[in-house]
Amino acid sequence: MTVDTRALADTYSTTLWSQYGEVLRLVDSSTISMNYLTEVLKRPNYQARYRLFVLNSDETIDYEIPQEDIIINSGNFTENYQNGQRKSVNVSLVNIDGKYTPSINTIWVHNRFRLDIGLQFDGQIYWFPRGIYVLGNPTASHANSDRQVTLTLVDKFAVLEGKQGTLEATYEIPVDSDVKQAIIGILTLDNGSGYPIDLKPIIYDQSFEGIKMPYTLSKDAGSTLGEMIIEIGTILNAEVYYNSQGNLCFININETTLDVQKASLWDYSEDNRDYHGASASYDFENAVNEVQVVGDNINNEIFSAYSQNTNPASPLCIARIGRRIAYINDSNIYSDDLAQQRADYELRKFGILKTTMTVTVSFNPLLFVNNLITITDEYYGLQRARFLIQSISYTLGDQCEMTLTCSNIANFSDLTLISIEKPKVSNILDAILDAPFEN
């Protein structure tokens, strides 16, 4: 994927790394090189820092919640590798004078937030945004003099999937419409208060440019814009999610699944201080090594494909454990090629989920889901084994630690994915980064 980064390096921000729509951006800090940042993270004397901003409706900053009002170790950040909502944050605030008690004059339903994570060393804090959020369900409590408000902050995609994204009438995108323009049309709908649903530019894989709607996409009243966006993602064969800067991304799954071509973001070893330990779990009962996909039926032709794990180096290959089949029926698939891409993608997902390592490591802002790390651990027989990060979580506090769940790519890469003669089945019936990040 190629993106335009010419406007990323403005007065307030510097882009250090970007891949598959995700961006590591340094904001409101002195410039630091990626190499120096990597060296710092190998030291034992840096600290993790966090800050939370309340945003205006256009996602510019209204104000920062003072550090002293954030209760240390009371909140957490979680990110999962999936379509739609990926990130969430919980945080508790000191509320002695009631300034955070939910009301139209303090924090209310319409508010949006930005979380930044930071590294402090040598007297300087380096800040990195980690998502734009909307307010979920806050709670207020007090016991004698202890008064708190806990904020549940949910991924921006929740706007599209929730009440604000609910359709009051049938919404259609006609056949042959430009898919990119259809997406922009959805995001620029008035949210009822004079603002579009999402002002930020989308990140749209260049391979999707010019693609037209293959059919009229229609959603009835009561459906959501999120459902429509996810279906558009299926049409494009795209992963759809909001990145750490608050841009909605449509990334080609043929790009995101090239695991063997990904560089390792970090190398962990039991001999190093930043690797604290690991546990392993094995979901053998639901292991899958063959996926059958059946799509739409057009002109008496049913679009379909198979993918099989026949790689003898894979612990889950058919020759080792026999055929274990998953069947997927999706009428949004309108060609054999799309069916094949979907089958390959789903087989990879099954491989990711079935054997999982939960790893505790030092806090590291360079890590993102759907990227690789290596692990060397004698107990598990691992020697620079390559793992794909499925989830990242950490406490917003002074522990300077994070938890990763990841899967050894030996389970799902180089699967020798093949198409087989179509099965006999019954008739079953969408980047840009050229806008500077708002500080």
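Cys 400 counts as buried, at 16% relative accessibility, where buried denotes under 20% relative accessible area, exposed over 50% and partly exposed the range in between, calculated with a 1.4 Å probe on protein chains only. The model is a predicted one, in which local features need pLDDT of at least 70 and side-chain atom pairs count only at pLDDT 80 or more, while totals for chains, interfaces and linings use all residues. Residues are numbered from 1 along each chain as its sequence is written, and side-chain values use heavy atoms, with hydrogens and water left out.

Cys 400 is found in the loop between β23 (382-396) and β24 (401-408); here strands (E, at least two residues) and helices (H or I, at least four residues) are DSSP runs numbered from the N terminus. The phi angle of Cys 400 is near 50°, a positive value in a residue other than glycine. A second residue of this kind is Asn 370, with phi near 60°, likewise positive in a residue other than glycine. Asn 370 lies in the loop between β21 (355-362) and β22 (372-377), and this residue is buried, with a relative accessible area of 4%.

With regard to cysteines, the structure holds zero disulfides, a disulfide being a pair of cysteine sulfur atoms within 2.5 Å. The sulfur of Cys 406 has its closest cysteine sulfur in Cys 400, at 19 Å, which is too far for a bond. Cys 406 is buried, with a relative accessible area of 0%, and Cys 317 is buried as well, with a value of 1%.

Strand β21 is mostly covered, six of its eight residues being buried. Its pairing with strand β17 (residues 275-282) is antiparallel and extends over seven bridges, where two strands are taken to pair if DSSP finds at least two bridges between them. An antiparallel pairing over six bridges also links β21 to β24. Val 359 in β21 is the bridge partner of Ala 278, and the bridge partner of Val 359 in β24 is Leu 404.

An open sheet of three strands shows the order β19-β18-β20, with mixed pairing. Strands β19 (301-308) and β20 (325-329) stand at its edges, each with a single partner strand, so one side of each is left without a neighbour in the sheet. Neighbouring strands of this sheet are turned by 15° against each other on average, direction ignored, the axes being lines fitted to C-alpha atoms (for helices over the stretch in contact) and angles running from 0 to 180 degrees between N-to-C directions. Strand β18 (residues 290-298) and β20 run parallel and are joined by five bridges, with Gln 292 standing opposite Tyr 327 in β20.

Another open sheet of three strands has the order β12-β15-β14, again with mixed pairing. Its edges are formed by β12 (203-204) and β14 (238-242), each of which has a single partner strand, so one side of each is left without a neighbour in the sheet. Two bridges join β12 to strand β15 (residues 248-252), and these strands run parallel; Ile 203 stands opposite Cys 249 in β15.

Asn 247, in the loop between β14 and β15, is buried, with a relative accessible area of 6%, and its side chain reaches the backbone oxygen of Pro 201 at 2.8 Å. Asp 198, in the loop between α3 (179-187) and β12, counts as buried at 3% relative accessibility. The side chains of Asp 198 and Lys 156 are joined by a polar contact of 3.1 Å, a polar contact being a pair of N or O atoms within 3.5 Å; within protein, one must be able to donate a hydrogen and the other to accept it, and residues adjacent in sequence count only if both atoms are side-chain atoms.

The largest nonpolar core has 65 residues, and those with the most contacts inside it are Leu 151, Phe 363, Leu 367, Ile 373 and Tyr 394; such a core is a set of buried Ala, Val, Leu, Ile, Met, Phe, Trp, Tyr and Cys residues joined through side-chain atoms within 4.5 Å. Strand β23 gives the most to this core, with eight residues. A second, separate core of 29 residues includes Val 179, Ile 202, Leu 225 and Ile 229.
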